[in-house]
Amino acid sequence: ITGLSMSLPEELQHHIVHTLAGLEKAELMRPAYAVEYDYAPPTQLYPHLETKRVEALFFAGQINGTTGYEEAAAQGLMAGINAVLKARGEEPLVLHRSQAYIGVLIDDLVTKGTQEPYRIFTSRAEHRLILREDNADARLMELGRGLGMVKDSVYQRYLRKREQVKAELQRLEIQRVRADDERAREVLAQCNSAPIKESACLADLLRRPELGYEHLVR
């Protein structure tokens with residue numbers, strides 16, 4: 001039953017179920033159960049997930065005290081990359097907390113350890129405002145390319161996008177709106193944004209929290 005997950009003794013489980021309205025005479029065909037996992041203290045790992053006690057042995061996933069598929073996959077990716085770099089005699093790859101949630105996850109594990117199954121939440125990341133889906137390529141594409149994990153077509157598409165973004169940002173710094181522009185007044189009023197008293201560049205308007213790029217287009 002949803003909300004009644006438990007690992008209590010079977011006789012207590014019968015008693016608890018019988019306290020629910022409509023289930024006073026219910027029979028349990030099979031009691032609930034729980035599985036207890038063991039783990040290796042992640043503080044015994046280097047930030048690149050190699051164990052401190054055994055060289056060239058890498059740990060990833062629930063063995064490090066985490067739970068969740070994303071957490072396991074993220075660690076598996078990093079451990080695999082670093083195992084290859086180790087075999088090549090190259091420097092390990094360590095993502096910082098400001099670069100990716102993977103960086104937050106691994107840094108928390110290897111520096112703080114964990115007393116319960118660890119999951120990564122946005123609240124754990126002090127840089128969460130810049131760790132977004134829409135800028136993942138800007139943060140990590142060059143790293144992936146350097147590791148040989150990004151194919152040419154994907155990288156070229158990223159380069160084109162980067163140049164387009166750069167050009168548009170430059171245009172927004174130059175393009176100005178006059179204070180007496182009726183269209184600008186209308187858009188600002190619809191967004192409950194203060195009117196401009198003198199000409200302003202679009203980049204400055206975009207810094208207003210209530211305005212988005214779509215409003216600049218209008």
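Asp137 is buried, with a relative accessibility of 19%; here buried means under 20% relative accessible area, exposed means over 50%, and partly exposed lies in between (1.4 Å probe, protein chains only). The model is predicted, so local features need pLDDT of at least 70 and side-chain atom pairs count only at pLDDT 80 or more, while totals for chains, interfaces and linings use all residues. Residues are numbered from 1 along each chain as its sequence is written, and side-chain values use heavy atoms, with hydrogens and water left out.

**Salt bridges**

- The structure holds 18 salt bridges, a salt bridge being a side-chain nitrogen of Lys or Arg within 4 Å of a carboxyl oxygen of Asp or Glu.
- Asp137 takes part in one of them with Lys161, and their closest N and O atoms are 2.7 Å apart.
- Because Lys161 lies in helix α5 (residues 152-174) and Asp137 in helix α4 (residues 136-146), this pair ties together parts that are 24 residues apart in sequence; helices (H or I, at least four residues) and strands (E, at least two) are DSSP runs, numbered from the N terminus.
- Lys161 is partly exposed, at 35% relative accessibility.
- Another salt bridge joins the side chains of Glu173 and Arg207, at 3.3 Å from N to O.
- Glu173 belongs to helix α5 and Arg207 to the loop between α7 (202-206) and α8 (213-217), so the pair connects parts that are 34 residues apart in sequence.
- Glu173 is partly exposed at 43% relative accessible area, whereas Arg207 is exposed at 54%.
- Asp108 lies in helix α3 (residues 101-112) and Arg97 in the loop between α2 (69-88) and α3, 11 residues apart.
- Asp108 is buried at 3% relative accessibility, and Arg97 is buried at 16%.

**Helix α3**

- Helix α3 has 12 residues and reaches 16 Å from its first C-alpha to its last, close to the 16 Å expected at 1.5 Å a residue; the expected span is 1.5 Å times one less than the number of residues.
- The buried residues of α3 are Ile102, Gly103, Val104, Leu105, Ile106, Asp108, Leu109 and Val110.
- Their cover includes α2.

**Nonpolar cores**

- A nonpolar core is a set of buried Ala, Val, Leu, Ile, Met, Phe, Trp, Tyr and Cys residues joined through side-chain atoms within 4.5 Å.
- The largest nonpolar core has 17 residues, of which Leu49, Met78, Leu93, Leu95, Ile102, Leu105 and Ile106 touch the most other members.
- Both α2 and α3 supply at least two residues of this core.
- Leaving aside neighbours within four places in sequence, Met78 is in contact with Leu49, Leu93, Leu95, Ile102 and Ile106, contact meaning heavy atoms within 4.5 Å.
- Another core, of 14 residues, lies apart from the largest one and includes Leu172, Leu205, Leu211 and Leu216.

**Surface patch**

- Tyr33, Val35 and Tyr37 form a nonpolar patch on the surface, with about 420 Å² of accessible area together.
- Patches are made of residues with over 30% relative accessible area and no salt bridge, with like charges joined within 9 Å and nonpolar side chains (Val, Leu, Ile, Met, Phe, Trp, Tyr) within 5 Å.
- Accessible areas come from the Shrake-Rupley method with a 1.4 Å probe, and for residues only the protein chains shown count as cover.
- Val35 sits in the loop between α1 (10-18) and α2 and is exposed at 53% relative accessible area.
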